[in-house]
Amino acid sequence: MIVGNRWFILCLAIVAQIASISALFGVPFVIPALREAYGLTIAQAGTLAGLPSLGLLLTLPGWGVVIDRYGERFTMTASLLLTASALSLLAAVDGPVAAGAVLTLVGAAGGPVNAAGGRLVLGWFSARERGLAMGLRQAAQPLGMGLSAALMPIIAERHGFVAAMLLPAALAVAMAPLVAVFAVRPGPDPRGGDAMMAAETASPYRHAAIWRVHGVSMLLGVPQFTVMTYALVYLVEEHGWSAPLAGAVIAGTQVPGALARLGTGAWSDRVGSRLRPVRIIAAVSGAALLLLAGASVAVPAAAVALLLACLVLSMSHNGLTFTAVAETAGLAWAGRAMAAQNSLQAVSSTLTPVLMGVVIAWQGFTSAFAAAALFCALAVAVVPVGRRSPGATSARSG
């Protein structure tokens, strides 16, 4: 039976998230076409690429309340339809200012699918499986990025920026009816029975733990969005690659990126902590970024391999921090907590392309990679490694 099958629900959440991710974060893969369409500098194009995240930031707290009050099915369906409608407006506007306004609207519409889909999956899976399930669900981000990197540069090169942005619109339209029919909540006796599932309504924001998880996620968003936004531009401008070739290679890294999220989720289930693995990932990512910064000057051939490694590493933490913040909040607050998590990540994804674009224009890619490594070091210091996640602890005792 499809309705009520937790693995089908997981697949539905994954595909819906792929559609949303393509809309929110597909612009970096068509920056050359965006610059050509509107006559922009790299810093200006980076600013436009970050505007969907600005829309995300402005609206996610409200979307979190909608998720907890009206449910995942309503929120996800509305978001997908609104996202497709917003993307279609790009064909009707002229000039970078109007395009920027539309991209902001895309972010405002597309934000809640991640939080709503995450809350839906968390309700269907027990604590002993939650890290793995959320690792699979969070693999939607690299898969969505891979789809965007593989297809959107080709469409943009042949038909222009606006045509490329219609791809995520089509995906959103295709997914909306499936979500409306099948994205149901579990029954009154959900699997799990762990601390997260308790009907606790007290605000988790009275305690420092959830703020530290938010902070770690925000800090690690800087290296993630630095590499994600400028990897294609780096390969084109510093190594002479064509945009479709660079997009195809970047797309290839999304598969190991998705597998990394799956692996780190299973790892967190095994060790009984979501956040100790995050600290290790942050340290390794920082080291890889420093090596990339050095190799960009000294050994350019090695820099390409290091760039691809950084792409994988920088996306590996998301599933863990997302699960940790939901488990810390409890199911009654999970929608709002995950929306807040996405909001704070949106601060990183909004500001990082702008600020790193300025750094690249001023000092080059090497300085941008080194600056991103600094944020990894800060994340290592902030992550609350001494605290077990409620779900992981329950899983070990069950």
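**Contacts, burial and confidence**

Colleague: Which residues does Gly131 touch, not counting those up to four places away in sequence?
Modeller: This is a predicted model, in which local features need pLDDT of at least 70 and side-chain atom pairs count only at pLDDT 80 or more, while totals for chains, interfaces and linings use all residues. Residues are numbered from 1 along each chain as its sequence is written, and side-chain values use heavy atoms, with hydrogens and water left out. A contact means heavy atoms within 4.5 Å. Leaving out residues up to four places away in sequence, the partners of Gly131 are Gly265, Ala266, Ser268, Asp269 and Arg274.

Colleague: Is Gly131 buried or exposed?
Modeller: Gly131 sits in helix H7 (residues 127–138), where helices (H or I, at least four residues) are DSSP runs numbered from the N terminus. Buried means under 20% relative accessible area, exposed over 50%, and partly exposed in between, with a 1.4 Å probe and protein chains only. With a relative accessible area of 4%, Gly131 is buried.

Colleague: How far apart in space are Gly131 and Gly272, C-alpha to C-alpha?
Modeller: The two residues are 141 residues apart in sequence. Their C-alpha separation is 9.6 Å.

Colleague: What confidence does the chain average?
Modeller: The scale is pLDDT, the predictor's confidence in each residue, from 0 to 100. At least 70 is scored by 92% of the residues. The chain average is a pLDDT of 84.

Colleague: How far apart are the end C-alpha atoms of H4?
Modeller: The expected span of a helix is 1.5 Å times one less than its number of residues. For the 17 residues of H4 this should give 24 Å. The end C-alpha atoms agree with that, lying apart by 24 Å.

Colleague: What covers the buried residues of H4?
Modeller: The buried residues of H4 include Glu72, Thr75, Met76 and Leu80. Leu81 is also in H4, but is partly exposed, with a relative accessible area of 43%. The cover of the buried ones includes helix H1 (6–25), helix H3 (42–70), helix H5 (96–110), helix H6 (112–124) and helix H9 (161–182).

Colleague: Which residues have the most contacts inside the largest nonpolar core?
Modeller: A nonpolar core is a set of buried Ala, Val, Leu, Ile, Met, Phe, Trp, Tyr and Cys residues joined through side-chain atoms within 4.5 Å. The largest one has 124 residues, and its largest share, 15 residues, comes from helix H10 (residues 208–239). Those with the most contacts inside the core are Leu80, Phe161 and Met165.

Colleague: Which residues does Ile210 touch, beyond those up to four places away in sequence?
Modeller: Ile210 belongs to helix H10. Its relative accessibility is 0%, so Ile210 counts as buried. Beyond four places in sequence, Ile210 touches Pro204, Tyr205, Val325, Thr328, Ala329 and Ala337.

Colleague: How many of the residues of H14 are buried?
Modeller: Helix H14 (residues 318–329) reaches 17 Å from its first C-alpha to its last, close to the expected 16 Å. Gly330 follows H14, with a positive phi near 90°. H14 is largely enclosed by the rest of the structure, because the buried count is 12 of the 12.

Colleague: What is the radius of gyration of the chain?
Modeller: The chain has 17 helices and 0 strands. Taken over C-alpha atoms, the radius is compared with the globule rule, 2.2 Å times the number of residues to the power 0.38. That rule gives 21 Å for 398 residues, and the chain is as compact as a globular protein of that length because its radius is close to this, at 20 Å.

Colleague: What share of the residues of the chain count as buried?
Modeller: Along the principal axes, the C-alpha atoms fill a box of roughly 55 × 45 × 35 Å. Within the chain of 398 residues, the buried share is 59%.

How values were computed: Helices (H or I, at least four residues) and strands (E, at least two) are DSSP runs, numbered from the N terminus.
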